[in-house]
Amino acid sequence: MRIKFIMLLVAVLIVSSIHPLSFSQAQNQTGSILIVGGTVIDGSGAPARRVDVRIVGDTIKAIGNLKPLPNERVVDARGMVVAPGFIDIHNHSDRGLDREPTANSQILQGITTLAVGADGGSPASISEYLKRREAQKIGVNVLTFIGHATARAQVLGEDFKRQATKEEIAKMASVIEQGMKDGAFGISTGLEYDVGFPSSTEEVVTLSKVAAHFGGIYMSHIRDEADLMLTALGEAIQIGKEAKIPVQISHIKMGTVAVWDKAAEAVKMVEAARKKGQDVTADCYPYDAWSSTITVLVPSRRHDDVKEVTKGLADVGGGANVLVTSCSAHRDYEGKTLDEIARANRTTAVEVYMQIVKDGGAGVVCRSMKESDIETFYKQKWVMVSSDGGIGMRHPRGAGTFPRVLGRFVREKKWLTLEEAIRKMTSAVAMRLGINDRGLLRKGMKADIVIFDPEKVIDQSTMMQPFAEPIGIAQVFVNGVVVVEASKVTGAVPGTALRHQFIKTRKSS
């Protein structure tokens, strides 16, 4: 009887050892972890292979046909894909991490590293921001850019609706220099937004030269993503050429009816620059709707001009395509389109727009892109996956971007192979940012790992339910610690702040 009991106990221990880690185990782990039975896609673009992965501490110790060590915790990944944790090169969780350090909506997508400080807006002090993230303890790794608009606002204050003087540009350059010294990965611009819009190309070139000196990149929300998209793209390429700095085009898109079906022209422009030796790449989110402030709908900034506003709304297909997501002056407008608000108030979408801007503005989601253009961009080797989302964002990309690409663009539409999609989410981004210890499943790399079901992974967030969680992301490790287990957040906070290491050259994919 005693022998049978011992045999039963041994059997139970063996079976339990191959179940995914529990939160308590993850919190108290002192030995190694072995992920067995999974299909490893290492992030390089190489074919998938059946191998095991051993984690010791925060590092990948070995990859191959491995046997469990004594007392080693074993994770059963049969039927699953094991990949590097996803790196989001364009994220807006800057402040979101303050209220939700576990970054639930981000890690549930498989994201393990966030790049914040995008679109020209960044923490005022990069040093203080990164120190705060380290002291706070967070569930993801985070890095940041230094924002052009942030520097502009510091120097010009409320008097930003004009070009800056040489003296003012020199002061901005000092802000950029300090940001780079503090660990920023480059300079970001949001030239379509109010603070950045008045700046000259020469101003941006001068400031980008500072970031280039420290081996950073130029990441730009270009001056126009609508009718003048191709002109604005040309300006970004010009800035990179003159400043001798790598260029990253943020959330590349053809944002209005006038430029629909012209993605191929944008691709030709980038390819031409690359053939001449320029380092130009881009990222793209997998949705046909963008999220921004309502004022970008009227590029001329003449928000009280009926003709201009009428044209702005027509460019995106009308007020029915503009959904108000946040409006402090009119909370009852939230969740409704401009057309719906107009009907309820017996007025026009143009009048509603002008009233909203007069009363302080609003956040909007605008459906104004074609899927065929998105497909064209995603099929380019130099285009990466990004969310342009973040914690608490009222757009489905904030909770669904990476699972959407895996489920819809890979499995359903077959635009990409799984290996290529994961490369666009991992090593391509790490290479672009100059991160040399993440983005690949290789011995010696940091243990940022996602385990997902390739047959089930999909986004569930929508315009009306932007916070719906994805399915199919089973387990996520950040620096060797489980932050997602059985598709649930564990509450662990093993993330760290990443600082740019100054290098003189960096080549993208």
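This is a predicted model: local features need pLDDT of at least 70, side-chain atom pairs count only at pLDDT 80 or more; totals for chains, interfaces and linings use all residues.

Me: Which residue in β21 does valine 81 stand opposite?
Reply: Strand β7 (residues 81-84) and strand β21 (residues 449-452) run antiparallel and are joined by 4 bridges. Within the β21 strand, the residue opposite valine 81 is phenylalanine 452.

Me: In the open sheet of 6 strands, which are the edge strands?
Reply: The pairing in this sheet is parallel, and its order is β11-β12-β13-β14-β15-β20. An edge strand here pairs on one side only, and the two that do so are β11 (146-147) and β20 (383-385).

Me: Which residue in β20 stands opposite aspartate 283?
Reply: Strand β15 (residues 280-284) and β20 run parallel, with 3 bridges joining them. Opposite aspartate 283, on the β20 side, stands methionine 384.

Me: Which helix packs on this sheet and touches β12 and β13?
Reply: The strands it touches are β12 (186-190) and β13 (217-221), and the direction of the helix makes about 155° with that of β12. The helix, which spans residues 201-213, is α8.

Me: Is serine 188 buried or exposed, and what is its relative accessible area?
Reply: Serine 188 lies in strand β12, and its contacts beyond four places in sequence include Gly117, Asp119, Phe145, His148 and Met219. A polar atom of its side chain lies 2.7 Å from the backbone oxygen of glycine 117. Buried means under 20% relative accessible area, and serine 188 is buried, with a value of 0%.

Me: Which residue has its backbone oxygen 3.0 Å from a polar atom of the side chain of glutamine 278?
Reply: Glutamine 278 is placed in the loop between α10 (263-275) and β15, and it is buried, with a relative accessible area of 16%. Leaving aside neighbours within four places in sequence, glutamine 278 is in contact with Ile237, Gly240, Lys241 and Ala273. The backbone oxygen at 3.0 Å belongs to isoleucine 237.

Me: Why is strand β4 described as largely enclosed by the rest of the structure, and how many of its residues are buried?
Reply: Strand β4 (residues 52-56) pairs with strand β1 (residues 32-36) in the antiparallel sense over 4 bridges, with valine 53 as the bridge partner of isoleucine 35. On β5 (residues 59-64), which runs antiparallel to β4 and is joined to it by 5 bridges, alanine 62 stands opposite arginine 54. Strand β4 counts as largely enclosed because most of its residues are buried, the number being 4 of the 5.

Me: In the hairpin of β4 and β5, which residue in the turn has a positive phi?
Reply: The hairpin has 2 residues between its strands. The positive phi in the turn is about 65°, and the residue that has it is glycine 57.

Me: How many residues apart in sequence are the parts tied together by the pair of phenylalanine 86 and phenylalanine 402?
Reply: The structure holds 3 aromatic pairs, and this one is stacked, at 5.5 Å centre to centre with 10° between the planes. Phenylalanine 86 lies in strand β8 (residues 86-88) and phenylalanine 402 in helix α15 (residues 397-412), so the pair ties together parts whose separation in sequence is 316 residues.

Me: Which residues do ring pairs link into a cluster?
Reply: Phenylalanine 409 and tryptophan 415 form a tilted pair, at 4.2 Å centre to centre with 35° between the planes, and both residues are buried. The cluster linked by ring pairs consists of Tyr378, Phe409 and Trp415.

Me: Over the ring of which residue does the charged end of arginine 301 sit?
Reply: Elsewhere, the charged end of arginine 397 sits over the ring of tyrosine 285, 4.4 Å from its centre. For arginine 301, the charged end is 4.3 Å from the centre of the ring, which belongs to phenylalanine 197.

Key:
Residues are numbered from 1 along each chain as its sequence is written. Side-chain values use heavy atoms; hydrogens and water are left out. Rings of Phe, Tyr and Trp (its six-membered ring) pair if their centres lie within 6.5 Å; planes under 30 degrees apart count as stacked, over 60 as edge-to-face and the rest as tilted. Buried means under 20% relative accessible area, exposed over 50%, partly exposed in between (1.4 Å probe, protein chains only). A charge sits over a ring if NZ of Lys or CZ of Arg is within 6 Å of the ring centre and within 35 degrees of the ring normal. Two strands pair if DSSP finds at least two bridges between them. Contact means heavy atoms within 4.5 Å. Axes are lines fitted to C-alpha atoms, for helices over the stretch in contact, and angles run from 0 to 180 degrees between N-to-C directions. A polar contact is a pair of N or O atoms within 3.5 Å; within protein, one must be able to donate a hydrogen and the other to accept it, and residues adjacent in sequence count only if both atoms are side-chain atoms.
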